[in-house]
Amino acid sequence: MRLNAYRFTAMGTPCELKIVGSKRAANEIALRCQQEAQRFEARYSRFIATSIVSQINAAAGKIAVPVDEECAAILEYADICWSLSDGLFDLTSGVLRRVWHRHRSAVPTREEVEACLALIGWQKVRRTQEGVLLTQPGMELDLGGVVKEYAADAIAQLIKDAGFDSAVVNLGGDIYCLGFSPEGVPWRIGIVNPLAEGPLAEAPLVNRGVATSGGYERYRVIEGKRYSHLLNPHTGFPVKSLMSVSVMAETVVAAGSIATIAMLKEEASGLAWLASSGSAYVAMTQQGDTIVGNPE
Amino acid sequence: MAKSLKSPLAILSSAAMSMPALSASQPSETLVSVATSIYQEGDARSDAVAFGDQERFEVKTNQFYLSSPIGRNWSGTVSYDNEAMSGASPWGTIEGADGDYQLIMSGASIDDSRNGVDLSLTRHWRKQSIGVSVGYSGEHDYHARSVGITYERDFLKKNTSLGLSASYSTDDITPTDAQLFQRLDSGSKHSRSYYVSINQLLTPVAMINLGLGLTRRDGYLSDPYKLRDVRPGKRLERTFTAQYRHYFDWQSTTLAANYRYFWDSYAIDAHTGDAQLTFGTGSRVEWGPTLRLYGQSAADFYVPWDDYGLEDTIAQSSDHRLSSFGAVSLGLKARFKMGPAHIVARYQQYESKKHLGLRSKTQAHPGLIRFKVVSLGAEYRF
Amino acid sequence: MYANSHVKGLGKLIAFTVLLLAGCQNVEPWERDRLAEPAMQLSADITGSKLDQQVFFSKEAASGGTSAAGGGCGCN
């Protein structure tokens, strides 16, 4: 049994597969996985005009767009995240990008931010039998985060259904580990240390996923101050949250949502959220302290 | 969304499992179950028996059951039952000296065994499934073969489920000692049965299932071992069933309450109600009492004693099972869990009571029985 | 007349059922942990149910109610 490794790009991130098995069978399934990742991108990317997300965004304020079962399930899942996070996890908050984009040299004015806030609110998304309607023109849905995490789980399930029992799926840091490594021990996934070389911690994973949310890689510097790319959809301003959070769970999508919600909260609330989430996690504060949590 | 006591991880994990790529619609575990039980009827009262053996019926049963997922989309079940029967049985009823009815019992003990096998195979999709089943049951004088088909469909994220099933069976009887006792040489009957049900989740702790059934039987429906038993060659049976389940946090108690109304073309109406409480649901020991109440009216051709003066083409039967009677049954059930292995023990005591019968006009049939059943079983899941 | 009263009764039953189901609360998948307990299932203790069905079928006139009838036996 050999370890076969594959790399490709999909959903705007580098993707990696490790599949244990005969080369021929692994090649076949890897190709199917890549196609599935590309399907997710084509279906849900807001940069592709024919995706369902672009169609919904283009019809904002106008008409409901019919969606299939998978899209409806993803939006239903996002609705649960919105409830659990008291509205912080909001797929409509992407429009804040317009006032907080990379090339701005000044902090946005209150008026600019408020104009954006008028277009934000998951409660303004209407989901019915007819389809999905964004009730205000100019509203936008951004499914990027959730879809990438779900894709990692879906692709891992594809590999499992094909009969493999040892593999790793890594879609830009959203990782699922199937079975044990070829050495017969759990897969060891290194959690990136944002401040130094080498991993912050190593997570032994068997049939589990790990997802990381971190503001350290993407931030803006405006007038000498650092602003996180994670924006609070209630205030419209960046959050002073933890520096990074990694969560381990049975599915990558659940792990990812917990991590994202933690990062959308102020540092102290984020830690409290993680502690009561029921999951195992590794978090780093702005000061550089590492907090590790394990459920009983 | 209602506030939940569950952790965010638990909520998100089960929400994730409802996503198309991740949800498995077929059962995920394999179950093997074996059980052995003894059924014992109380002896008939001596003043109720005019002729023949007082000793009543006893049945020892062994059961085997296996259910398992097959691949990602299929599941199957296999069951095998074996019964060993012994004891005497009523041949007929006569009018006794004081106007009471008395039984004529078979002399020699019946010693017979029955073997039954049932197989089923089901294909699962996300929201629906289709299953087929075949069954065979054989005794030395009786053989039955059946086939069935079942369809189930979920709606509203499985809050509501619809079930449809149909079956067809053929039974053949070749009574023993046919020449000797001038019994029927051989007879057969065909049954077609249809069932529709709705399963509805009511609250996070309550669920109900409502069902309607229709069964049509044609052919030889009489009992060839009775001295005079002539039944119509057609019988149409209908059932309405309601099954309710409720979970109480107090002592982790589950209530299972069921009701069935049965009415058929023999003019029999029957009500059946049973309730079972299980304490310690989900914990290592589950146990609890069961209660069952039953009442039926008499068939329109039921006679309290055999009338040989009547032509033998005219329907009549003195079989106590077609008389107006009722029954109360009390039981106790316990389940002991040791990881994947469970031990299940059951006890039940059943008593027929004339006064619980519906629209009863006549005296109690002397053949009304009481019985006890004790069973012990083991289950293994993996 | 016998059949009619049953049909009317059935009609009322179906109307009652539709109303009952229309008034139901939607139970979300993560709220179903207690409903998922084995003791809460209709199929809890399949072996025991089959034994009971066999016993009652052979001693009473009524039968069935939970599925389409299966094969028979010489016991009734």
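Modeller: An axis is a line fitted to C-alpha atoms, taken for a helix over the stretch in contact, and an angle between two axes runs from 0 to 180 degrees between their N-to-C directions. Please keep in mind throughout that this is a predicted model.

Biologist: What does helix H6 of chain A lie across, and at what angle does it run to E9(A)?

Modeller: Helix H6 (residues 252-263) of chain A lies across strand E6 (174-178), strand E9 (208-214), E12 and E13 of chain A, and its direction makes about 25 degrees with that of E9(A). These strands belong to an open sheet of eight strands in chain A, with antiparallel pairing and the order E1-E2-E5-E6-E9-E12-E13-E14.

Biologist: What makes a strand of this sheet an edge strand, and which are they?

Modeller: An edge strand pairs on one side only, and this holds for strand E1 (2-10) and strand E14 (290-293) of chain A. On average, neighbouring strands of the sheet are turned by 10 degrees against each other, direction ignored.

Biologist: Which residues have the most contacts inside the largest nonpolar core?

Modeller: That core has 98 residues, and those with the most contacts inside it are A:Tyr77, A:Val169, A:Val247, A:Ala255, A:Ile258 and A:Ala262. Leaving aside residues up to four places away in sequence, A:Val169 touches A:Leu17, A:Ala152, A:Ile155, A:Ala156, A:Ile175 and A:Tyr176. Another core, of 28 residues, lies apart from it and includes B:Trp263, B:Ile268, B:Ala299 and B:Val373. As background, nonpolar side chains tend to be buried together in soluble globular proteins.

Biologist: Which chains share the most contacts?

Modeller: Of the two pairs of chains in contact, chains B and C share the most, with 40 residues of chain C meeting 81 residues of chain B. On the side of chain C that touches chain B, H2(C) gives the largest share, seven residues, and this side divides into 18 nonpolar, 14 polar and eight charged residues. The contact between chains B and A takes 16 residues from chain B and 22 residues from chain A, and the chain B side of it has 12 nonpolar, three polar and one charged residues.

Biologist: What is the phi of B:Ser252, and what makes it stand out?

Modeller: Most residues other than glycine have a negative phi. B:Ser252 is not a glycine, and yet its phi is positive, at about 45 degrees. B:Ser252 lies in the loop between strand E13 (234-248) and strand E14 (253-264) of chain B. B:Ala267 likewise has a positive phi, of about 70 degrees, without being a glycine, and B:Ala267 lies in the loop between E14 and strand E15 (269-278) of chain B.

Biologist: Why does B:Ala267 count as it does, with its C-beta neighbours inside 10 Å?

Modeller: A residue is exposed at 12 or fewer neighbours and buried at 20 or more, and partly exposed in between. B:Ala267 has 14 C-beta neighbours inside 10 Å and therefore counts as partly exposed. B:Ser252, with 17 other C-beta atoms within 10 Å, is partly exposed because that count also falls in between.

Methods. Residues numbered from 1 in each chain as written. Chains lettered and ligands numbered in written order. Predicted model: local features only at pLDDT ≥ 70, side-chain atom pairs only at ≥ 80, totals over all residues. Contact = placed C-beta atoms within 7 Å. Nonpolar A, V, L, I, M, F, W, Y, C, P; charged D, E, K, R; others polar. Helix = DSSP H or I, 4+ residues; strand = E, 2+ residues; numbered from the N terminus. Core = buried A, V, L, I, M, F, W, Y, C linked by C-beta atoms within 7 Å. Pairing = 2+ DSSP bridges.
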